[in-house]
Structures are given as C-alpha cells and as structure tokens.
Amino acid sequence: MRLVFAGTPEVAVPALDALIASDRHEVVAVVTRPDAPAGRGRRLVASPVAERAEEAGIEVLKPVKPRDEDFLARLREIAPDCCPVVAYGALLPKAALDIPAHGWVNLHFSLLPAWRGAAPVQHAVLAGDEVTGASTFQIEEGLDSGPVFGVITEEVRPTDTSGDLLTRLALAGAGLLAATMDGIEDGTLQPVPQPGEGITLAPKLEVEDAKVDWTAPALRVDRVVRGCAPAPGAWTLFRGERLKLMSVGLVADRTDLAPGELAVTKKAVYAGTGSHAVELLWVQPQGKKPMRGADWARGVRIGDAERLGD
C-alpha cells in the first residue's frame, strides 16, 4: 500500500522505521506537527518524526491544522491507500479521514477500551495496572473509540516509569502496526468493535496532577513519582520552593514519620507518607541538576521536624 504516516514525537519513530523497512508498503509522505521552539534559545526545531523522514528522503507535511485546505488538497493528490498514525497530536477532521481508501489506523498505547486519551501509559502506571499493551484501531470521529485490528500485551514492572514502559511499547507496537498494514492490504484483517464496558479515560497530565500528596499511602506516592516520569515530573514543596522527585524507594519497616516529615541518616533521607516511609533516591532542586537524595539532604542541612509539602 501507499502510506502517509502521521506522528510527531520520538516515540513514533520506531513505527515509522518499521514501515519504511517494509517490503510490502511504501511510505510516500509524513504528516507531523509544525516546528516548535526548544532549548534555551527557543529556536524552532523539527519534530523527531520530521527529522527521520527527511533523512529517508520522504516528503514532510506540517499543517498548522489538519483541516487546512492546502493540506487536504495535497493529501488528495498523494492519494494514499492508508494513513497509519502514532502520537500525531492533533484531531483529524472527517474531510481528512475520508481521503485514504482504508482510512487512518492508529497505534494506541493501551488495551482499548481502557485508557482512551492522550496519556494512557502514565495512567496505567498511576492506577497500578499489572498488564497493559498497545492496540491498532480504525480512527473515527470519537475519542479512541474505533474498532480494533490487533493488540499486544506488556507487563508493567514494579519499578517502571512511564518513560520505561512507553519505550518498550513503542518498539513492540511498531511491529504490531506493520503487521496491521499487512493484514489490511491482503484482506485477512477486519476490525472488531470495542466493547461498551471497561472504558476508562486518560487525559493529559498537568503539572498540578504531579504534586505529591504525602497523606496518601506510600504505594500511591511511588506510583505518582513513576507515572509522572519523565513528564510532567512529580514534585513537592520544601521551604517554599519546588523539589522534583525523580525516584523513591518503599521502606515498609519504617512507620515512625508523619506525612511529609523528613529523617536523615548518613546514607539516606526518608519522608513519611500516609502509611510507611519512602526513601528519596533521586531529587532535583529548583534550578539545579538531578542529585542523590542523600546528597541533597546533606547540602540543605535538614532541621528537626522539617517536612515536605505545603
């Protein structure tokens, strides 16, 4: 099939690579979000998908909005058979959905209908899911509600951050998307409607969602830290300034600390929660680089009864 691939961030690149490498299909163009400011100089930078496509000599389309008539006209000229999508980042209008003969097929990083939305991997970690996965489905006008072509499953490991889990899903999902294109092309794969039960939503996490509640149990604190890594990044307040929490460890045998209360030893720093303590393994003070929790504690000289939080 002639394919137009739509995607933007680094997590979409493995799928693009898998389709470029396919001997059954041709990626004739890529659709991605416009260049965005990045770095200290805030200069405009092309998306990872755009950079990979340009390296491969593939035409890159960067519509401000997918409903722009110039973009739709070019898509009609290209006349793709199918448009595979991974984390494109914009809603597709019906005018675009109707152009390819086999529609647009999305690789979504959850076992649909669970975790429909922008942040499925983060919500799976936050919820303590033991198993998640990826699904390919036919895009329709509803939010991640289209019929499903195929799925893969992936174990959520006890120490997984969202970044760890997403990296594995992106690699495994690339093979799923390529196989889905094969099945659509040879007519052996038909999408199955999603069940009406088990629907959960995964909206984008905002900075306030990543604020740690020290009255919550330690397991919840750990999930927030892992689920919000690398973005938006779990955080708390210390002496009125934001302290980013990059990694914590569960300390089941220490229950003597009040929520947020700090205790320092020669080699570690602990914080109380609503159940047992957690060890602050890696933190990042405002305006500084990440550091070990024990090094941070020594540097700030934590006093008696000092605590984290409001």
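**Figure 1. K62 and its salt-bridge partner D35.** At 29% relative accessibility, K62 counts as partly exposed, a label given to residues between the two limits of under 20% relative accessible area for buried and over 50% for exposed (1.4 Å probe, protein chains only). K62 forms a salt bridge with D35, and the closest N and O atoms of the two are 2.7 Å apart; the term salt bridge stands for a side-chain nitrogen of Lys or Arg within 4 Å of a carboxyl oxygen of Asp or Glu. This pair links distant parts of the chain, since K62 is in the loop between β5 (59-61) and α3 (69-78) whereas D35 is in the loop between β2 and β3, 27 residues apart. D35 is also partly exposed, because its relative accessible area is 32%. The model is predicted, so that local features need pLDDT of at least 70 and side-chain atom pairs count only at pLDDT 80 or more, while totals for chains, interfaces and linings use all residues. Residues are numbered from 1 along each chain as its sequence is written, and side-chain values use heavy atoms, with hydrogens and water left out.

**Figure 2. Further salt bridges of the model.** Side chains of opposite charge can pair when their charged atoms come close. The structure holds 17 salt bridges, and one of them joins the side chains of E59 and R74 at 2.8 Å, N to O. Because E59 lies in strand β5 and R74 in helix α3, this pair ties together parts that are 15 residues apart in sequence; helices (H or I, at least four residues) and strands (E, at least two) are DSSP runs, numbered from the N terminus. E59 is partly exposed at a relative accessible area of 29%, and R74 is partly exposed at 28% relative accessibility. The side chains of R76 and E69 meet in a salt bridge as well, at 3.1 Å from N to O. R76 has a relative accessible area of 41% and is therefore partly exposed, and E69, at 48% relative accessibility, counts as partly exposed too. Salt bridges that share partners also join R24, D182, E185 and D186 into one network.

**Figure 3. The aromatic pair of F238 and W296.** The structure holds one aromatic pair. F238 and W296 form this pair, which is edge-to-face, with 5.0 Å from centre to centre and 75 degrees between the planes. Rings of Phe, Tyr and Trp (its six-membered ring) pair if their centres lie within 6.5 Å, and planes under 30 degrees apart count as stacked, those over 60 as edge-to-face and the rest as tilted. The pair links distant parts of the chain, with F238 in strand β10 (residues 235-238) and W296 in helix α8 (residues 293-300), 58 residues apart. Both F238 and W296 are buried.

**Figure 4. The largest nonpolar core.** In soluble globular proteins, nonpolar side chains tend to be buried together. A nonpolar core is a set of buried Ala, Val, Leu, Ile, Met, Phe, Trp, Tyr and Cys residues joined through side-chain atoms within 4.5 Å. The largest such core has 33 residues, of which F5, L19, V30, V86, F109, L177 and M181 touch the most other members. Among the elements that each supply at least two residues of this core are β1 (2-7), α1 (13-21) and β2 (26-31). α6 gives the most to this core, with nine residues.

Figure 5. Most residues other than glycine have a negative phi, and most peptide bonds are trans. A cis peptide bond joins L112 and P113, with omega about 15 degrees, and P113 has its place in the loop between β7 and α5. The peptide bond from A231 to P232 is also cis, with omega near 5 degrees, and P232 is placed in the loop between α7 and β10. D144, a residue other than glycine, has a positive phi near 50 degrees; D144 is found in the loop between β8 (131-138) and β9 (148-155) and counts as buried, because its relative accessibility is 12%. A305, which is not a glycine either, has a positive phi of about 70 degrees and lies in the segment after α8. A305 is exposed, because its relative accessible area is 57%.
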